[in-house]
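Please study the sequence and the model before reading each solution.

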Amino acid sequence: MAASHFALHQPQSLDQALDLLEMHRASVRLLAGGTDLVPRLKVGALKVQNLVSLQRVPGLGAVAFDPAQGLVIGGTARLSQVAALPQVKSLYPGLAHACSVMATTQIRNMGTVAGNLANAAPSADTAAPLLVYGARVTAFSKAGERVIPLDQFFSGPGLSVLEPGEIITAITVPPPAPKSGSAYQRLSARSKVDICAVGVAANLSLDGQGRVVTCHLACASVAPTPLRCLQAEEMLSGQAPSQALLERAAQSAAAAAKPIDDMRASAAYRRQMVEVLSRRVLVACLAMAQGGAA
Amino acid sequence: MAKQIIELIVNGVSQEVAVHPWQTLAEVLREELNLTGTKVGCDQGDCGACTVLLEGRSVSSCLTLAMEAHQRPITTIEGLAPSLSELHPIQEAFVQTQAVQCGFCSAGMIMSAKHLLDHNPHPSEAEIRQGLSGNLCRCTGYTKVVEAIGVAADKLGGAPAKEA
Ligand SMILES: Cc1cc2nc3c(=O)[nH]c(=O)nc-3n(C[C@H](O)[C@H](O)[C@H](O)COP(=O)(O)OP(=O)(O)OC[C@H]3O[C@@H](n4cnc5c(N)ncnc54)[C@H](O)[C@@H]3O)c2cc1C
Ligand code: FES
Ligand code: FES
């Protein structure tokens, strides 16, 4: 490793980690799987004097589901652990899809969900599915614990509301509503390995009459942050989910996107694909919600 | 900053080695321990040439800081063959099917195959391709590599690969 020289601290407890963050606050970063940080440190895109590794902090690495609490993803749980949990596959298929197709096997064996969120890339693959599932981020600091709804977490490309002394200890996702369906679809150039050019997630629930109770729709890589499409969500809420309505909601999502041209795709292509993927995920969610028993 | 002494457990052998905090596992394996079977291609996590197993999971050793591997079992390509005169069934399969051209990607491919077959002894062709999607080869066109892993699965006692 060339460009950057730093000290690496390996605390054995959360308290030690918080102390180290405070002690070195002039120049410090948390390190989880390192799959975002290490490439940037290598090329000198990031310079920092201290890294505080979370890998040896006990009690943060689990992923667990409980029918009452929902899903709890520990602050150092790896993407591959989330993808492997049977209840994630059956109850949160959009998240399971993101965690099993993003990056590569090796990167999913190293990278964490918390790191993916904290890195706050507009393209972060776990963000859109976690947004539609109503996830909350639990963060610890010297001041104590704070819970941040994920839809208030991102503040710009690479930016979140997380304070410098805060550590994500868990990401919690409520249990799915009865008669609901969810999905995530993404497009990228090198099939899976590449950062996604466009991604859309949705989570839709129905009442006894087959009308939509709520629908959440979110996109990756088409705005400065992962984006909730609130207008599309409102169009669907309380309505009978006809094909025509899903189509209009998909158009509304495309209108809400603020894509840019970059090496992965043009803005025009991205906008068009938001519509296509929104339609596809909404159709998939509806089929799942109609098929699944309450 | 001074070097730190860490304990690396590589292929079942524990050894102490002095490393800088910014040195990667790939660097230390190759340059300090002379285990040059692990290759460095992109040095950015994209190509898979540096794949090793850390606690049984495939990782990119070019993105793993050596200090993070302290006291955690590591398997490299050098640790697969049961003896100096035998090959591991996955290595045998690569030779038999001629899945190697320049060989630069092979160690990483074989370590990814090991991870795949450890978790899924009877992969379909689609699953093999998916399991290797983090490994780039610039020579073979992948066909022979995919075939080799199917052959390796059979050798290791799996049923013939089912189609996806
Ligand atoms: C080859 C390759 C392919 C990739 N493909 C994809 C892809 O397809 N989709 C995608 O979304 N990403 C992709 N990535 C990016 C990366 O792998 C993911 O974002 C991963 O989830 C990051 O997790 P990490 O644990 O490795 O983060 P790290 O690199 O350790 O940390 C990332 C950031 O999060 C902060 N952080 C980490 N943990 C915490 C915590 N508990 N509390 C507070 N802050 C924390 C760190 O300080 C740092 O700023 C790819 C990376 C590579 C190298
Ligand atoms: S050298 Fe590590 S992935 Fe390419
Ligand atoms: S054999 Fe040459 S890169 Fe794969």
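Two strands pair if DSSP finds at least two bridges between them; strands (E, at least two residues) and helices (H or I, at least four) are DSSP runs numbered from the N terminus. This is a predicted model, in which local features need pLDDT of at least 70, side-chain atom pairs count only at pLDDT 80 or more, and totals for chains, interfaces and linings use all residues. Residues are numbered from 1 along each chain as its sequence is written, chains are lettered from A and ligands numbered from 1 in the order in which they are written, and side-chain values use heavy atoms, without hydrogens and water.

**Exercise 1.** Determine the order of the strands in the open sheet of chain A.

Solution. 
1. The order is β11-β12-β13-β14 (chain A), with antiparallel pairing.
2. β11 (180–187) and β14 (227–228) of chain A are the edge strands, since each pairs on one side only.
3. β11(A) is joined to β12 (residues 198–206) of chain A by eight bridges.
4. Within β12(A), A:L204 is the bridge partner of A:G181.

**Exercise 2.** Identify the residues that touch the most other members of the largest nonpolar core.

Solution. 
1. A nonpolar core is a set of buried Ala, Val, Leu, Ile, Met, Phe, Trp, Tyr and Cys residues joined through side-chain atoms within 4.5 Å; buried means under 20% relative accessible area (1.4 Å probe, protein chains only).
2. Among the 42 residues of this core, the answer is A:I73, A:L95, A:L117 and A:L130.
3. α8(A) gives the largest share, five residues.

Conventions: Buried < 20%, exposed > 50% of the residue type's maximum accessible area, 1.4 Å probe, protein only.
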